[in-house]
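Keep the structure open and follow along.

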Amino acid sequence: MEKFIPRLKKLKTLKKISLLLLLSSTMTLASIPIKNTPVPGGIAVIDFKTNHSNPKAFYRKVPLYVQHIKNDHWQALLGIPLMEKLGKKSITVKDFSNHIFEFEIKKHTYEEQHITLKGKKKKYVNPTDAHMQRIKKERLILSKPRMTFSTQTLADGAFTRPVDGPTTGAFGLKRFYNGQARRPHAGLDYAGNTGTAIKAPANGKVLLTGRYFFNGNAIFLDHGQGLVSVYIHLDKHLVKQGQSVKQGEIIGMVGQTGRATGPHLHWGIYLNRTAVNPNLLMGE
Ligand SMILES: [Zn+2]
């Protein structure tokens with residue numbers, strides 16, 4: 001009898017190993033195909049090779065999105081701020097030791113957009129003191145989702161369009177409201193009638209929903225590793241904080257709440273806390 005005991009143990013171990021292999025193969029996620037766009041508002045794609053199973057990458061100590069391509073080929077994705085200075089920069093890759101990878105941020109010129117707000121909507125250009133108090137409070141709440149870094153990757157392959165409408169406001173536009181310069185456009189605008197369904201462009205988890213002064217009704221989704229998306233000016237949100245969503249699932253409806261001149265969806269993407277052009281995630 002004694003002789004059989006070790007054999008039984010061995011069988012159990014084998015079963016466990018095959019179960020783990022099965023789990024890991026079904027959980028393999030596709031990488032996001034992204035064109036290297038090392039410009040302000042773009043994404044620098046830094047390729048590297050390693051046999052480490054879980055390499056990490058950092059830019060100024062901020063963790064980056066890292067994806068496995070094939071065999072020993074990996075990529076670090078770095079979102080570059082719209083206001084970033086041009087020139088040579090570097091990231092650190094950590095596997096069995098530290099490695100420095102250099103790259104260069106090149107110039108890109110974004111167009112200007114002039115928007116006129118009339119009547120009641122004028123409050124969004126020169127808010128009252130009471131509104132300013134609300135704006136300051138909300139700024140704190142709204143800064144949190146983009147700081148999120150969850151280690152679990154949820155995005156699986158290229159992003160898809162959240163709505164079908166035409167693009168009415170490109171990413172990065174230098175904006176002027178009633179002639180006054182404001183922050184550049186940190187997302188994409190899609191035209192759409194009020195009530196048009198908004199679909200999750202990738203698998204994710206709902207980080208935050210709420211109604212805010214400038215953004216109106218908003219939803220933030222976490223796609224893992226500092227990749228976060230935001231949907232604003234919604235008529236309604238149909239998801240709750242903490243809920244998991246699948247690519248293509250309806251999360252809300254187009255509206256014109258907050259600082260919007262008409263019904264449209266403003267879609268934003270954050271990578272390493274930085275707003276980047278959403279088109280890049282869709283392989284455009
Ligand atoms: Zn917008």
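**Domains and where they meet**

Bear in mind that this is a predicted model. Where the two touch, domain 1 puts in 13 residues and domain 2 puts in 14 residues.

Which strands supply the domain 1 side of that contact? Strand 3 (62–63), strand 4 (65–70) and strand 5 (73–79) each bring at least two residues. Strand 5 gives the most, with 3 residues. By residue type, the side of domain 1 that touches domain 2 comes out as 12 nonpolar, 1 polar and no charged.

In soluble globular proteins, nonpolar side chains tend to be buried together. Here, the largest nonpolar core has 51 residues, and L78, I219 and Y231 are the ones that touch the most other members. Both domains take part in this core: domain 1 (43–105) and domain 2 (112–282) each contribute at least three residues.

Skipping neighbours within four places in sequence, L78 has contacts with I43, A44, I46, Y59, L64, I91 and N272.

| Strand pair | Bridges | Sense |
|---|---|---|
| strand 13 and strand 19 (residues 250–253) | 3 bridges | antiparallel |
| strand 10 (residues 174–177) and strand 11 | 2 bridges | antiparallel |
| strand 9 (residues 167–169) and strand 12 (residues 188–191) | 2 bridges | antiparallel |
| strand 12 and strand 20 | 4 bridges | antiparallel |

Strand 12 turns up in two of those rows, with strand 9 as one partner and strand 20 as another. To find these pairings on screen, look for G169, whose bridge partner in strand 12 is D189, and for Y190, whose bridge partner in strand 20 is L265.

**A helix in the open**

Helix 2 (residues 129–143) has 15 residues and spans 21 Å from its first C-alpha to its last, close to the 21 Å expected at 1.5 Å a residue. Is helix 2 largely buried or in the open? Of its 15 residues, the number buried is 1, so helix 2 lies largely in the open.

P263 is in the loop between strand 19 and strand 20 (264–271). With 20 other C-beta atoms within 10 Å, P263 counts as buried, because the cut-off for buried is 20 or more. Leaving aside neighbours within four places in sequence, P263 is in contact with G192, N193, T194, V254, G255 and Q256. For a sense of scale, P263 and L86 are 177 residues apart along the chain, and their C-alpha atoms are separated by 36 Å.

H233 is worth a click for its backbone: its phi is positive, about 70 degrees, although H233 is not a glycine. H233 lies in strand 16 (residues 228–234) and is buried, with 24 other C-beta atoms within 10 Å.

N272 also has a positive phi without being a glycine, with a value near 40 degrees. Where is N272 placed? N272 is in the loop between strand 20 and strand 21 (274–276). N272 is buried too, with 27 other C-beta atoms within 10 Å, and it is one of the contacts of L78.

Conventions. Residues are numbered from 1 along each chain as its sequence is written. This is a predicted model: local features need pLDDT of at least 70, side-chain atom pairs count only at pLDDT 80 or more; totals for chains, interfaces and linings use all residues. A nonpolar core is a set of buried Ala, Val, Leu, Ile, Met, Phe, Trp, Tyr and Cys residues joined through C-beta atoms within 7 Å. A residue is buried if 20 or more other C-beta atoms lie within 10 Å of its own, exposed if 12 or fewer, and partly exposed in between; C-beta atoms are placed from the backbone. Domain bounds come from an automatic or database domain assignment. Two residues are in contact if their C-beta atoms, placed from the backbone, lie within 7 Å. The expected span of a helix is 1.5 Å times one less than its number of residues. Two strands pair if DSSP finds at least two bridges between them. Ala, Val, Leu, Ile, Met, Phe, Trp, Tyr, Cys and Pro count as nonpolar, Asp, Glu, Lys and Arg as charged, and the others, Gly among them, as polar.
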